[in-house]
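Biologist: I am new to this structure and would enjoy a guided close look at one part of it. Could you pick a residue, describe its surroundings, and then show me how the rest of the chain is held together?

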Amino acid sequence: MMSKEKKKVSRRKFLIRGGLGTIGVLAVGTYLFRNPIRRGIAGAIDTAETPYMGNTSSPIVWFEVTSKNTIVLHSPKVEMGQGTFTGLAQMAADELEVSMEQMKVIHADTASGNMDGFATGGSTSISSLWVPLRELAATMREMIKNKASEKMNISPEQLSIANGIVSGGGKTMTYAEVVKDVSEWDIPDTPNLKELKDYKFVGKPIPRVDLKDKVFGAPIFGMDAALPNMLYGSVVRSSAIGATYVDADISIASGMPGVIKVVKEPDFVGVVANSLIEAENAKNAIEVEWKVERTWQTSDIEEMIAVGKGEPFVIQKEGDSEDILNQENSNILKHDYKSPIGAHAQLEPNGALAHVEDNRATIMLSTQVVKITRDEIAERLGLDEDNVNIVPTFLGGGFGRRLHTPNAVQAAVMSKAVGKPVKCFFTRKEEFQNDTFRPPTHHVLKAKLLENGMIEAMEHNVSSGDVAFGSPMVPGIAAPILGADLGAWRGGMIQYGAIPNFKTISWRVTLPFATSWWRSLGLLANTFAIESFMDELAIVAKKNPAEFRLAHIQDDDRGFRLKEVIKAAVEKSGYTDEVINGRAMGFAASTDANTPCAQVVEVSIENKEIKVHKVTCAMDPGISVNPDQVRAQCEGAIIMGMSAAMFEKMDVEDGQLTPTIYGPYQMALMKNAPKEIEVVLLQNDDKPGAVGEPPLGPIGAAVANAVFRLTGQRLREMPLKLTT
């Protein structure tokens with residue numbers, strides 16, 4: 001019988017439960033109000049900020065006090081180069097009343113119980129933990145203070161704390177001394193958090209806590225993982241698109257030197273051997289039967305992805321753009337834009353070290369989805385989830401590639417088969433051919449200008465393969481409810497709310513190869529199309545591109561922040577439409593995950609190639625926990641966006657994805673990097689926002705817009721290449 005007493009639910013938990021419940025309600029409602037509800041969901045997702053979805057019930061799960069009076073923070077967010085560990089340490093140190101030198105951050109393994117139900121991604125590591133982590137740290141501080149009060153026989157009100165030392169009544173105790181021999185703790189009510197002005201570390205450019213290990217080459221990455229008596233695994237992977245494993249002849253491989261066992265499963269075949277080279281040699285001797293339905297070419301993919309070929313979903317609508325834009329009118333502009341297949345091309349290939357014995361499993365790997373990896377392995381091996389311990393390592397690049405970890409499952413299966421630890425990694429060729437790619441896109445934009453140069457109506461049609469759908473992060477029910485893939489249209493909504501009539505249509509296409517999360521999802525391609533088109537409209541309207549955009553931004557909080565970054569970028573860069581000394585400037589802006597960003601680039605043409613000299617980036621992430629870290633994120637995102645916009649492209653040749661190695665897969669090199677990236681940080685929000693992905697949005701369009709001013713060539717397809 002249920003108690004009549006109401007159970008208290010925190011606001012955070014209510015938001016999570018409410019959000020999950022909404023999906024269930026909408027599953028019914030969508031059949032009655034299909035398009036309006038979908039547009040409402042799309043709008044909510046576009047402006048939503050993902051809350052932290054892990055255990056915040058006890059600080060003891062998060063913090064460990066060592067005998068040396070240091071604090072170990074067990075982070076549920078993984079460090080993949082974005083500086084998360086440093087930002088989290090700053091937030092915790094301020095509320096714990098310890099110095100940065102006393103803070104150490106490590107990855108929380110799943111056995112600790114500290115797991116994020118979401119993932120590390122979406123630019124949420126700092127923003128989602130801004131409140132929960134500070135509350136946990138403040139609570140931990142009070143727990144220690146109260147215990148010190150007992151041990152020192154002094155009331156808590158008479159005690160003070162500084163640098164991990166509790167003082168009062170002429171007595172002192174370190175945190176280490178307070179916690180010694182304590183097995184039970186009382187968790188007090190969450191104390192009030194400090195005001196921002198009272199923080200010593202938040203908002204300051206603190207050096208990275210993981211810098212030393214990386215500079216001196218400490219073995220902290222997935223590929224460095226090692227265990228005693230470790231064996232090596234290698235899995236046969238098809239190079240053909242859409243290949244399904246049927247069977248394998250392992251007779252030769254089984255007897256080859258160093259082979260411990262050839263493991264045949266219903267969905268894969270792999271070799272376990274004494275060394276990596278022996279495992280690879282035996283793998284190459286296995287004759288695998290694959291079922292391949294079709295031999296694909298790039299032209300086939302381009303035809304599939306064309307607007308009009310997929311399934312359309314209206315995700316944004318205001319007014320009646322359709323009637324206006326279907327008229328015959330000389331003031332109506334229409335242009336197409338395209339982006340290619342993109343690889344993650346992260347430095348460290350995927351792989352895992354697994355040790356399965358006695359109904360227990362320990363897996364060491366680079367992963368962005370710690371809990372999901374644990375659950376998948378537990379299901380495959382038939383183990384209790386509590387008996388599977390995922391030990392995350394530092395990531396040698398993530399960018400969304402490590403949101404899928406079937407490689408960990410394969411390593412675990414092979415380890416179980418031989419009863420010893422097995423380390424199994426992709427080769428570089430396998431990594432390129434079996435990536436979960438950034439899908440290609442096709443955009444059709446259409447607009448009508450009034451006589452005064454203002455936009456009367458505008459439409460954006462974007463066709464893309466899936467990004468979020470099919471991922472273990474997104475429940476299967478999401479696709480029929482939402483229709484349009486929320487990752488594919490990220491950044492694709494028209495942000496100029498002062499336009500009286502506008503519409504965005506997302507065309508969903510199912511491609512024959514795996515596509516998924518790539519840093520910023522659809523933001524780079526969508527912003528490239530929209531902001532290039534806005535530039536073209538501004539030129540036809542004979543307006544300054546920045547002023548043209550400002551005139552079409554809605555007067556609300558979101559619009560205000562976007563306007564401010566545009567003004568800051570223009571002012572700091574000295575933006576001009578004029579070509580001066582063989583150089584031209586290009587402008588673009590976007591808002592991603594509630595973080596607006598505007599960029600101005602300065603380019604020239606050298607040896608018939610585009611040369612970017614300077615990028616001015618103005619961004620408003622709210623509170624910058626570590627300004628240097630935020631600037632570094634902007635710099636990294638800009639370089640990565642330039643690389644994708646100007647160089648990177650995967651093709652399909654005779655049923656295979658290519659190229660399969662660095663070099664032929666062109667990427668930006670040191671010589672291609674701008675000599676100067678100037679970052680201007682604004683703060684028009686009272687909390688930290690997204691940082692890692694928003695700066696990727698404008699760069700492609702900004703470069704293309706600058707090239708047009710310089711050469712008269714309008715580049716509407718990435719990678720950006722001059723035709724003459």
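**A close look, then a wider view**

Modeller: Happy to. Let's begin at Gln-433, which touches Ser-239, Gln-656, Leu-657 and Thr-660 once residues up to four places away in sequence are set aside. Please keep in mind that this is a predicted model. You will find Gln-433 in helix α13, which covers residues 428–433. Is Gln-433 buried or exposed? Its relative accessible area is 12%, and because buried means under 20%, Gln-433 counts as buried. One of the residues it touches, Gln-656, is also its polar partner: the side chains of Gln-433 and Gln-656 make a polar contact at 3.5 Å.

Let's step back to the chain as a whole. How confident is the prediction, as given by the mean pLDDT of the protein chain? That mean is 93, and 95% of the residues reach 70 or more. The stretch to treat with care is residues 1–33, where the pLDDT is below 50, although this stretch does have 21 contacts in the model beyond near neighbours in sequence. Where pLDDT is low, the predicted coordinates should not be read in detail.

Now for the division into domains. Domain 1 runs over 5–215, domain 2 is made of 222–292 + 349–426, and domain 3 is made of 299–341 + 439–711. What joins domain 2 to domain 3? Twelve residues from domain 2 and 15 residues from domain 3 take part in the contact. Their C-alpha centres lie 38 Å apart. The area buried between domain 2 and domain 3 is about 1000 Å², and carbon and sulfur atoms give 68% of it. On the domain 2 side, the residues that lose the most area to domain 3 are Ile-241, Phe-399 and His-404, together 56% of what that side buries. Between domain 2 and domain 3 there are zero salt bridges, but four residue pairs are in polar contact, both residues being at pLDDT 80 or more.

So where can you look for salt bridges? In one, Arg-716 pairs with Glu-536, with the closest N and O atoms 2.9 Å apart. This pair links distant parts of the chain, 180 residues apart: Arg-716 is in the segment after α19 (699–711), and Glu-536 is in helix α15 (residues 523–540).

Another bridge joins Arg-561 to Asp-685, with the closest N and O atoms 3.9 Å apart. Arg-561 belongs to helix α17 (residues 557–573) and Asp-685 to the loop between β26 (676–681) and α19, 124 residues apart. Here Arg-561 and Asp-685 are both buried.

In the remaining stop on this tour, the side chains of Arg-583 and Glu-602 meet at 3.2 Å, N to O. Arg-583 is in the loop between α17 and β21 (584–592), Glu-602 is in strand β22 (residues 595–606), and they are 19 residues apart. Arg-583 is partly exposed, with a relative accessible area of 34%. Elsewhere, salt bridges that share partners join Asp-535, Glu-536, Asp-577, Arg-709, Arg-714 and Arg-716 into one network.

The segment after α19 also holds Leu-715. Why does Leu-715 count as buried? Its relative accessibility is 6%, and the cut-off for buried is under 20%. Not counting residues up to four places away in sequence, Leu-715 touches Phe-528, Ile-610, Ala-704, Val-707, Leu-720, Lys-721 and Leu-722. Leu-715 also lies 9.8 Å from Lys-338, C-alpha to C-alpha, although 377 residues separate them in sequence.

For a last stop, turn to Ser-123, in the loop between β3 (103–107) and α4 (125–152). With a relative accessible area of 17%, Ser-123 is buried. Leaving aside neighbours within four places in sequence, Ser-123 is in contact with Ala-690, Val-691, Gly-692, Glu-693 and Pro-694. With one of these, Glu-693, Ser-123 makes a polar contact, side chain to side chain, at 2.9 Å.

Conventions. Residues are numbered from 1 along each chain as its sequence is written. Side-chain values use heavy atoms; hydrogens and water are left out. Helices (H or I, at least four residues) and strands (E, at least two) are DSSP runs, numbered from the N terminus. Buried means under 20% relative accessible area, exposed over 50%, partly exposed in between (1.4 Å probe, protein chains only). A polar contact is a pair of N or O atoms within 3.5 Å; within protein, one must be able to donate a hydrogen and the other to accept it, and residues adjacent in sequence count only if both atoms are side-chain atoms. Contact means heavy atoms within 4.5 Å. pLDDT is the predictor's confidence in each residue, from 0 to 100. Domain bounds come from an automatic or database domain assignment. Buried area is the accessible area (1.4 Å probe) that two parts lose on being put together, summed over both. A salt bridge is a side-chain nitrogen of Lys or Arg within 4 Å of a carboxyl oxygen of Asp or Glu.
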